[in-house]
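User: I am new to this structure and would like a short tour of its pockets and salt bridges. Could you take me through it?

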Amino acid sequence: MADQYFVSQPGAPSERRAVALRVRGLDVMLMTDTGVFSRHRVDYGTRLLIESMDVPERGQVLDLGCGYGPIGIAAALLQPGVQVTMVDINERAVELAKENARRLRLGRVEVYVSDGFAVLGDRRFDRVYCNPPIRAGKEQVYRLLSEAAGHLADKGQVWVVVQKKQGADSLKRELARHFREVSDVARSGGFHVYRCMEPVNLPQSPESSS
């Protein structure tokens, strides 16, 4: 388990390298390392999610399980007016994401070590983007996406990418337990991108209850 990307402190010795993020007109280099997800390249599922995802001009967006940061960084580059938050349980990945954001001079980006929403309190987001840690197990993935449903702002959306052979159909059924609308918005290379809207039993905000 020490070398898995979904642990807090990967045990593999550091071997940093740069990889290219080229999608939607972006062409930037990101630093990666051993012990983080897809260290040799920005993986196909992540690139498909970036190609497909809607990024608002303003508001709060979250990269849930950010790794070294390609999704959150892409959102910040595509829409400089959004506030981007990135979280990951992997401390090495978080340091890389911070470094990549700093190097690209992205001021409206914050990155935290967190198991899902643990350090985010009751914050709400207009968009949550997630390439979930499938290898961490179904229970962990389902928990993260259930938590995401409870941390959306009004009219917020969760965007998830998953590979067909890694349980895309069962994940869609699970998402339908938490959202009234789950749309299959993109398919390519065996991957599906789901857009989830209208959470079931969304907690009422203080403003709406006053």
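Analyst: A pocket here is an open set of grid points with protein on both sides within 12 Å along at least five of seven lines. Please note that this is a predicted model.

User: What volume does the second largest pocket have?

Analyst: The second largest pocket has a volume of about 360 Å³. It is lined by 29 residues, and those closest to its centre are G65, C66, G67, D88 and N131.

User: Which elements give two or more residues to that lining?

Analyst: They are strand 3 (60–64), helix 2 (70–78), strand 4 (83–88) and helix 4 (138–149). By class, the lining has 16 nonpolar, nine polar and four charged residues.

User: Now salt bridges. How many does the structure hold?

Analyst: The structure holds 11 salt bridges. One of them joins R123 and E110, with the closest N and O atoms 2.8 Å apart. R123 lies in the loop between strand 5 (109–113) and strand 6 (125–130) and E110 lies in strand 5, so this pair ties together parts that are 13 residues apart in sequence.

User: What about R177 and E174: where do they lie?

Analyst: Both are in helix 5 (residues 168–178), three residues apart, about one turn of the helix.

Definitions and conventions: Residues are numbered from 1 along each chain as its sequence is written. This is a predicted model: local features need pLDDT of at least 70, side-chain atom pairs count only at pLDDT 80 or more; totals for chains, interfaces and linings use all residues. Side-chain values use heavy atoms; hydrogens and water are left out. On a 1 Å grid over the protein atoms alone, a cavity is a set of points where a 1.4 Å probe fits but cannot get out, and a pocket is an open set with protein on both sides within 12 Å along at least five of seven lines; lining residues have an atom within 4 Å of a point. Grid points are joined across faces, edges and corners, and a volume is the space filled by probe spheres set on the points. Helices (H or I, at least four residues) and strands (E, at least two) are DSSP runs, numbered from the N terminus. Ala, Val, Leu, Ile, Met, Phe, Trp, Tyr, Cys and Pro count as nonpolar, Asp, Glu, Lys and Arg as charged, and the others, Gly among them, as polar. A salt bridge is a side-chain nitrogen of Lys or Arg within 4 Å of a carboxyl oxygen of Asp or Glu.
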